[in-house]
Amino acid sequence: MAKFLVQKSAPLRGEVKISGSKNAVLPIMAAALLTEEKCEIKDVPALRDVEVMCKLLESLGASVEMDLAHNCVQIEAAGEISWEAPFDLVKMMRASILVLGALLIRTGRAIIHLPGGCAIGKRPVELHLKGLRAMGVEIDEAQLNRGIVDAKVEKLSGSTIYLDFPSVGATEVIVMAATLADGVTILENAAQEPEIVDLANVLNKMGARIKGAGTDTIKIEGVESLKGVSHHVIPDRIEAGTFMVGAVMTGGNVLIKNIVADHLKAVIAKLRECGAEIQMTDEGLVVRGDRRPINSTDIKTLPYPGFPTDMQSPFMALLTVAKGPSVVIETVFENRFMHVGEFNRMGANIKTNGNCAIIPGDKTLQGAQVVATDLRAGAAVVLTGLVADGTTEVSQIYHVDRGYENFVEKLRSLGANIMRVEE
Ligand code: UD1
């Protein structure tokens, strides 16, 4: 099993180029199933989740050329498509559910075992299914009770759908399904994340008629067919946010290239409250964290444009060394504080009560043996290791490989003392 060995490091300095967004590319790859023509996706991050999605699409009958050395994937789903997603692949990644709408469009059927992914709460799919049911899809209830989505439909028809919660995955699945449904679909209380906008942009380039992506109401007029596309994926705002936190935590000065600052408004505002100086320049975002001490602040995670849940653990890492206490409230996932135990091993002394964590701050952290409890938490404990005395040994780093391209190389290029060891 591979591990990271992290040692107290000098302030991060230099420049780092952010990769394409994992959470944007996965639905875009699934959308390639909606056409028989070739789709070319560029700026694809070389990540394990992308490899799993490539394998999933191949197993469904698509021809996939994966050139991750050049961050490019080509997908051509001409001919017959299978409707059953193999459990072996689906269990590796929750985002596998994203093929649900496309399978129904292409084959009128879909069988998907409920997905795995990060262990951060229940993560059900009832909102995806609610939307599809409203579009005429029948779901086998007995199968669903066994954890299998077994869905069929003659022809999807447009509908007005209200999501009880603005789920990112449900919005993506319903938007994809609606592009080729009969009539108009109106999706209310839709997720507004930048990744939804990127997906809608790709689909519109393919010939779909989607309006309102990025707001809480999306209108999709069904069309007869979609064509191939070439598309550059948006930069990964969570990867960018992670490096921004790293710069501030270590008291560094980092130029973050390939970033859309608008996607990070909440994170930028909170880092400024902590005392960081952040400036947009022609070259990218300059993050300076040399003002000490780091101020404490409170955060509450919310759907976009609120503070992203995926930045909760990296930001908590920063708050452990801030001056004075901070409160973190997690409202998106029900069980996303597993990293607290890892921070506490390093001396952070955080207390939790339900979805609320109190971080006393002012701590001199000690290196320890810690675990990457999920993808973002893995990055967060690495950041903590950069400011802790001694060595921090991070295990279960396959989580980090799922979501951060060249994490060690990028950190080392900024002067971080981190290495990956294979055991
Ligand atoms: C996506 C992101 C993930 C991010 C999350 C929230 C991808 C591949 N992953 O995940 O990185 O943390 O958005 O920003 O894009 N929920 C329900 N019922 C449903 C669907 C969701 O209760 O039918 C709940 C979930 O349990 C969770 C919350 O809604 O508590 C958010 O889930 P959702 O927005 O669907 O996240 P994902 O699409 O899985």
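A residue is called buried when its relative accessible area is under 20%, exposed when this area is over 50%, and partly exposed in between, as computed with a 1.4 Å probe and the protein chains only. The structure is a predicted model, in which local features need pLDDT of at least 70 and side-chain atom pairs count only at pLDDT 80 or more, while totals for chains, interfaces and linings use all residues. Residues are numbered from 1 along each chain as its sequence is written, and side-chain values use heavy atoms, with hydrogens and water left out.

Helices (H or I, at least four residues) and strands (E, at least two) are DSSP runs numbered from the N terminus.

A nonpolar core is defined as a set of buried Ala, Val, Leu, Ile, Met, Phe, Trp, Tyr and Cys residues joined through side-chain atoms within 4.5 Å. The largest such core has 83 residues, of which M29, L33, M53, V99, L100 and L203 touch the most other members. With contact taken as heavy atoms within 4.5 Å, V99 touches A30, L33, M53, L56, L57, L60 and I112, not counting residues up to four places away in sequence. Apart from this core lies another, of 69 residues, with F315, V340, V408 and A416 among them. In soluble globular proteins, nonpolar side chains tend to be buried together.

The ligand is surrounded by 17 residues, the closest being R94, L127, S167, D310 and V332; a residue is included if one of its heavy atoms lies within 4 Å of the ligand. The shell divides into 7 nonpolar, 5 polar and 5 charged residues. For this division, Ala, Val, Leu, Ile, Met, Phe, Trp, Tyr, Cys and Pro count as nonpolar, Asp, Glu, Lys and Arg as charged, and the others, Gly among them, as polar. Polar contacts are pairs of N or O atoms within 3.5 Å; within protein, one atom must be able to donate a hydrogen and the other to accept it, and residues adjacent in sequence count only if both atoms are side-chain atoms. An N or O atom in the side chain of N23 is 3.0 Å from an oxygen atom of the ligand. Backbone atoms also take part: a polar one of G169 is 2.8 Å from a ligand oxygen, and an N or O of E126 lies 3.0 Å from a ligand oxygen. Taken alone, the ligand exposes 730 Å², of which the protein buries 86%; these areas come from the Shrake-Rupley method with a 1.4 Å probe, and for residues only the protein chains shown count as cover. Two or more shell residues come from each of α5 (126-134) and α7 (168-179), with α5 giving the largest share, 3 residues.

R402, in helix α14 (residues 398-403), is buried, with a relative accessible area of 7%. Its side chain makes a polar contact with the side chain of D49 at 2.9 Å.

Most residues other than glycine have a negative phi, and most peptide bonds are trans. A cis peptide bond joins R292 and P293, with omega about -5°; P293 lies in the loop between β17 (285-288) and β18 (299-300). N71, in the loop between β4 (63-67) and β5 (72-76), has a positive phi of about 55° although it is not a glycine.
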